Amino acid sequence: MVETEVGDYMFCFDNTFSTISEKVIFFELILDNMGEQEQEQEDWKKYITGTDMLDMKLEDILESINSIKSRLSKSGHIQTLLRAFEARDRNIQESNFDRVNFWSMVNLVVMVVVSAIQVYMLKSLFEDKRKSRT
């Protein structure tokens, strides 16, 4: 968590560790501008005229709306985070699937070549190498 000032910011990701291997980078940027919004929310109160009871009810409604808004915002952030984790895990699973398929094919080719060599060697053991006179 970083406290910031108003201005432009830049994120730089470095790939000097390995330029060959693939990397998945995830970062979350949450902007809390609640101070500015609270000021805007307070402006409407000066236009309301009425009894204190009405003000209390409006305060309660505003408080519950703000609570719901903050909870929805948090759940949206959590869902975004979970989607990013899911995407990362899916990429890892697809990479593993491709790797397993590749090495399975290599293993299959080696087994076929070895079996062909074994059949050839076994046939050569039973060949009659003597010249037959007719």
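Salt bridges, helix and surface in a predicted model

Student: How many salt bridges are there by the rule used here?
Tutor: The count comes to 2 salt bridges, where a salt bridge is a side-chain nitrogen of Lys or Arg within 4 Å of a carboxyl oxygen of Asp or Glu. This is a predicted model, in which local features need pLDDT of at least 70 and side-chain atom pairs count only at pLDDT 80 or more, while totals for chains, interfaces and linings use all residues. Residues are numbered from 1 along each chain as its sequence is written, and side-chain values use heavy atoms, with hydrogens and water left out.

Student: What makes the contact of Asp89 and Arg88 a salt bridge?
Tutor: The N to O distance between the two side chains is 3.2 Å, and because the rule asks for such atoms within 4 Å, the pair of Asp89 and Arg88 qualifies.

Student: Why is the pair of Phe102 and Trp103 called edge-to-face?
Tutor: A search of the whole structure finds 1 aromatic pair. In it, the rings of Phe102 and Trp103 lie 5.0 Å centre to centre, with 75° between the planes. Rings of Phe, Tyr and Trp (its six-membered ring) pair if their centres lie within 6.5 Å, and planes under 30 degrees apart count as stacked, over 60 as edge-to-face and the rest as tilted, so the pair of Phe102 and Trp103 is edge-to-face. Trp103 counts as exposed, because its relative accessibility is 52%.

Student: What does the UniProt record place at residues 102-122?
Tutor: The UniProt record, an unreviewed entry, places the feature "transmembrane region" there, although annotations may be inferred rather than shown by experiment. In the model, residues 102-122 are 100% helix and 0% strand, with end C-alpha atoms 30 Å apart.

Student: How much of the chain counts as buried?
Tutor: Of the 134 residues of the chain, 3% count as buried, and the secondary structure comes to 2 helices and 0 strands.

Key
Helices (H or I, at least four residues) and strands (E, at least two) are DSSP runs, numbered from the N terminus. Buried means under 20% relative accessible area, exposed over 50%, partly exposed in between (1.4 Å probe, protein chains only).
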